[in-house]
Amino acid sequence: MKVVLQSLMGVTALYGVYTVAALTAGYIQTRNYKPDFEAAWVISENLPKEVSFGQAPSPFLHGGIFIGAAMVYRNALITKNRR
C-alpha cells in the first residue's frame, strides 16, 4: 500500500510540475505578445473560406494516462526497492 501511495504522490507531483510549466510558458508568451494590426490586414486574403470540424479527445483519456503513469512509477519503485 505504501508503494501505491508513493506512486500516486509522485505522479501527482509530476502532473503539477507539468501544469505549472505550461501555465508559466503561456503567461510569458501572453505578456510578450505585441500584435501588428497593419501586417494582419495585408495577409488577410490567406484566411480560409471554410471551417473544418474535428473530434476532441475524451476527457477519460487523461485519467487513463494518469493511472498508467502511476503504474509505471509503481513498477519503478518496486524495482528500485529490490536492489
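Relative accessible area sorts residues into buried (under 20%), exposed (over 50%) and partly exposed (in between), computed with a 1.4 Å probe on protein chains only. The model shown in these views is predicted, with local features requiring pLDDT of at least 70 and side-chain atom pairs counted only at pLDDT 80 or more, while totals for chains, interfaces and linings use all residues. Residues are numbered from 1 along each chain as its sequence is written, and side-chain values use heavy atoms, with hydrogens and water left out.

**View 1. Phe-53 in the loop between helices H2 and H3.** Phe-53 belongs to the loop that lies between helix H2 (37–42) and H3, where helices (H or I, at least four residues) are DSSP runs numbered from the N terminus. With a relative accessible area of 80%, Phe-53 is exposed. Between the C-alpha atoms of Phe-53 and Leu-5, which are 48 residues apart along the chain, the separation is 41 Å.

**View 2. The crossing of helices H1 and H3.** Two packed helices are described by the angle between their axes and by the distance between those axes. Here the axes of helix H1 (residues 2–32) and helix H3 (residues 60–82) come within 8 Å and cross at roughly 125°; axes are lines fitted to C-alpha atoms, for helices over the stretch in contact, and angles run from 0 to 180 degrees between N-to-C directions. H1 and H3 are therefore oblique to each other, given that angles under 35 degrees count as roughly parallel, over 145 as roughly antiparallel, 65 to 115 as roughly perpendicular and the rest as oblique.

**View 3. Residues in the contact of H1 with H3.** On the H1 side, the residues in contact (heavy atoms within 4.5 Å) include Val-3, Val-4, Leu-8 and Val-11, and those of H3 include Ile-65, Ala-69, Leu-77 and Ile-78. The residues of this contact of H1 with H3 divide into 12 nonpolar, six polar and one charged; Ala, Val, Leu, Ile, Met, Phe, Trp, Tyr, Cys and Pro count as nonpolar, Asp, Glu, Lys and Arg as charged, and the others, Gly among them, as polar.

**View 4. Ser-7 and its surroundings.** Ser-7 is found in helix H1 and, at 2% relative accessibility, counts as buried. When residues up to four places away in sequence are not counted, Ser-7 touches Ala-70, Tyr-73, Arg-74 and Leu-77.

**View 5. The aromatic pair of Tyr-15 and Phe-66.** A search of the whole structure finds one aromatic pair, where rings of Phe, Tyr and Trp (its six-membered ring) pair if their centres lie within 6.5 Å, and planes under 30 degrees apart count as stacked, over 60 as edge-to-face and the rest as tilted. Tyr-15 and Phe-66 form this pair edge-to-face, at 5.3 Å centre to centre and with 75° between the planes. Tyr-15 lies in helix H1 and Phe-66 in helix H3, so the pair ties together parts that are 51 residues apart in sequence. Tyr-15 is partly exposed at 29% relative accessibility, and Phe-66 is partly exposed with a relative accessible area of 23%.

**View 6. Lys-2 in helix H1.** Lys-2, a residue of helix H1, is exposed, with a relative accessible area of 62%. Lys-2 and Arg-74 are 72 residues apart in sequence and 10.0 Å apart in space, C-alpha to C-alpha.

Technical notes
Helices (H or I, at least four residues) and strands (E, at least two) are DSSP runs, numbered from the N terminus.
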